[in-house]
Amino acid sequence: LILDQTPFYAETGGQVGDKGVLLSAKTGEVIAVVEDTRPAVPGLTVHRVRTRASVAVGDGLRAEVATSDRLSTARNHSATHLLHAALRQVLGTHVKQAGSVVEPSRLRFDITHYAAMDNAELAEVERIVNGEILKNVAVTTSVMPIDQAISTGAMALFGEKYGDEVRVVAVEEFSRELCGGTHVMRTGDIGLCKIIAESSI
């Protein structure tokens, strides 16, 4: 289904799309369960649904995102930003994000680096990230022209296509990246970051 407006986040930048339900605006009954959300073209979101009742063009619907999944995904997405900054501190500024998977249950963060990380490096990255989480500082977002964003030191992903205006997600002076995903309000909302595996392709 395609709606004229939607609160659902469409899968992009490694973050999975939102799930939830669509309810009849008249009766409140569940019309469809949203199983996945993806972008079709810029500004247009497609909801993959399993319908429970008939739905037609012009029907009034109320969209509700699965809050628990959204919040868990936001925690993991904000953690990727902290990981990125910590990895650059520990391994060097040559480290760049090369992909990610951000889901409610976990995150995977891909980087470019010339060697496997040893246990001491992994422990130091984890210590730095959890230190930022414990500070419980605000995670702020702002929209600005791309040239201005880059001049503030915001990291852009190589190969990504950006418009004239971009969204900058910042954790004080620790992390600043161009990002359109969902995030926590404060680092403390993440809770804890635990690195459970490191491997190479």
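Two strands count as paired if DSSP finds at least two bridges between them. Keep that rule in mind as we walk through this structure, which is a predicted model.

Let's start with strand S8, which covers residues 165-171. Strand S8 and strand S9 are joined by 4 bridges, and the two run antiparallel. You can find one spot along S9 for yourself: look for Ser175, which stands opposite Val171.

Now widen the view. S8 and S9 belong to an open sheet of 3 strands, arranged in the order S7-S8-S9 with antiparallel pairing. Strand S7 (139-145) and strand S9 (175-178) each have a single partner strand, so they stand at the edges and one side of each has no neighbour in the sheet. Neighbouring strands here are turned against each other by 25° on average, ignoring direction. What holds such strands together in general? Strands of a sheet pair through backbone hydrogen bonds, either parallel or antiparallel.

A helix joins the picture too. Helix H1, residues 67-91, packs on the sheet and touches S8 and S9. The direction of H1 makes about 115° with that of S9.

Finally, let's turn to the cysteines. How many disulfides does the structure hold? There are 0. Take Cys179, which is in no disulfide: the nearest cysteine sulfur belongs to Cys193 and is 16 Å away. A disulfide needs the two sulfur atoms within 2.5 Å, so at 16 Å the sulfur of Cys193 is too far from that of Cys179 for a bond. Are these residues buried or exposed? Cys179 is buried, with a relative accessible area of 13%, and Cys193 is buried as well, at 8%.

Notes: Residues are numbered from 1 along each chain as its sequence is written. This is a predicted model: local features need pLDDT of at least 70, side-chain atom pairs count only at pLDDT 80 or more; totals for chains, interfaces and linings use all residues. Side-chain values use heavy atoms; hydrogens and water are left out. Axes are lines fitted to C-alpha atoms, for helices over the stretch in contact, and angles run from 0 to 180 degrees between N-to-C directions. Contact means heavy atoms within 4.5 Å. Buried means under 20% relative accessible area, exposed over 50%, partly exposed in between (1.4 Å probe, protein chains only).
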